[in-house]
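Trainee: I'm new to this one and would like to talk it through with you. Can we go over it piece by piece?

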Amino acid sequence: MADPIDSISTPARVADATEGISTDELRLAARNHGLPPEALRDDVTPPGLHYVLSHYDIPRIDVAAWTLTVGGSVENPLRAGFDELRSRPANTVRVTLECAGNGRAALSPRPVSQPWLESAVGTADWTGVPLAALLREADPTSDGVDVVFTGADHGIERGVEQDYQRGLPLAEALGDDVLLAYEMNGMPLPPQHGFPVRLVAPGWYGMAHVKWLRDITVSDQHFEGFQHQAYRLRQDADDPGEPVTRIEPRSLLVPPGFPDFMTRVRFVRPGAVPLEGRAWSGWAPIERVEVSTDDGRSWTDAELADSDGRWAWRRFSAPWEATPGEHALRTRAHDASGRSQPGSPRWSRGGFANNTDQGLRVVVLDA
């Protein structure tokens with residue numbers, strides 16, 4: 001008799017050439033949501049506009065009974081309740097988060113999963129206890145390699161029942177800005193963003209920022225759990241692939257003018273149209289952004305605003321003298337590590353790290 005789990009939980013696959021978005025994908029899209037592109041105007045994203053991706057159900061947690069444990073290969077295992085955690089010295093760090101699958105739905109052939117276009121991003125001020133402080137207090141043993149984070153969310157993925165777990169190399173977990181965050185923009189974490197406590201690992205794609213955190217374990221082996229194996233850049237099912245880690249450079253324009261309801265094509269009046277947007281990278285600071293108003297045939301350097309912090313997106317602006325007709329606006333970002341947005345998508349079986357430069361269709365009216 002067939003395993004009922006196997007018949008329900010279809011392994012990750014690539015859609016057929018003529019296959020449209022499925023009901024299952026629409027159901028995921030209704031549960032999760034992206035940033036409305038016009039919200040790129042804000043330095044900090046309101047929690048309700050920040051992108052959300054939850055693999056399983058949003059757990060209901062009794063904060064009075066909640067505890068966080070720190071154990072594994074440590075000399076001094078720790079256990080802390082919510083009030084005790086909040087009593088510790090805290091930091092606030094402005095961090096841009098982006099889903100590793102951002103841009104997946106535009107790939108061809110299309111990986112079947114959460115159908116993101118380009119809006120799975122947001123920036124918030126996260127407040128919490130530096131993870132390094134707890135780890136040093138727990139005192140990892142000399143054989144400590146990775147730090148494994150376990151959330152309270154539980155489900156089945158590709159036939160595997162699991163708690164959501166991710167790991168970070170110990171050296172990364174000891175970074176100055178890695179937080180056990182309990183506030184978002186000065187308020188308690190909303191349920192969908194990991195209440196009461198979540199991990200914030202600046203520079204890493206969103207899958208690393210474990211929500212509804214309940215356990216931290218220092219491991220003497222490299223963590224090879226399900227969510228590490230799922231997030232790899234594979235070209236086919238048998239390809240071991242490279243791990244998905246830090247955010248590739250990306251830039252997005254604030255959509256100018258006003259939209260068509262269905263297509264979201266933009267309309268503007270002729271004349272001077274100021275363009276602005278945001279650019280970010282998890283590898284190194286953004287040092288240059290280019291803008292094209294002729295579908296990439298020519299490029300102009302945008303003006304960069306002052307940085308809001310190492311891990312936050314950076315605002316850019318450029319003038320445009322709009323002439324009647326249809327135009328394709330594009331942007332591409334370059335960071336200080338030498339990484340840039342490519343002109344064509346980077347395909348992988350999971351649809352990860354697709355940071356191709358943005359195209360935005362704009363119609364300039366006659367008057």
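Trainee: What is the bridge partner of E276 in β21?

Mentor: In β21, E276 has S317 as its bridge partner. This is a predicted model, in which local features need pLDDT of at least 70, side-chain atom pairs count only at pLDDT 80 or more, and totals for chains, interfaces and linings use all residues. Residues are numbered from 1 along each chain as its sequence is written, and side-chain values use heavy atoms, with hydrogens and water left out.

Trainee: And how many bridges are there between β17 and β21?

Mentor: Strand β17 pairs with strand β21, residues 314-318, in the antiparallel sense over five bridges. Two strands are said to pair if DSSP finds at least two bridges between them, and the strands themselves (E, at least two residues), like the helices (H or I, at least four residues), are DSSP runs numbered from the N terminus.

Trainee: What order do the strands take in that open sheet?

Mentor: The order is β13-β17-β21-β20, four strands with antiparallel pairing. The edges are taken by β13 and β20 (303-304), each of which has a single partner strand, so one side of each is left without a neighbour in the sheet.

Trainee: Is β17 mostly covered or mostly open?

Mentor: Strand β17, residues 275-280, is mostly covered, with five of its six residues buried. Buried means under 20% relative accessible area, exposed means over 50%, and partly exposed lies in between, with a 1.4 Å probe and protein chains only.

Trainee: Where does A124 lie, and why does it count as buried?

Mentor: A124 lies in strand β4, residues 121-130, and it counts as buried because its relative accessibility is 0%. Leaving aside neighbours within four places in sequence, A124 is in contact with V44, H50, V93, R94, V95, M184 and N185, where contact means heavy atoms within 4.5 Å.

Trainee: How far is A124 from C99?

Mentor: They are 25 residues apart in sequence and 14 Å apart in space, C-alpha to C-alpha.

Trainee: Zooming out, how many helices and strands are in the chain?

Mentor: The chain has six helices and 24 strands, and of its 367 residues, 50% count as buried. Among its contacts with a separation of 6 or more, 73% are between residues 24 or more positions apart.

Trainee: What about its dimensions along the principal axes?

Mentor: The C-alpha atoms fill a box of roughly 70 × 55 × 35 Å along those axes.
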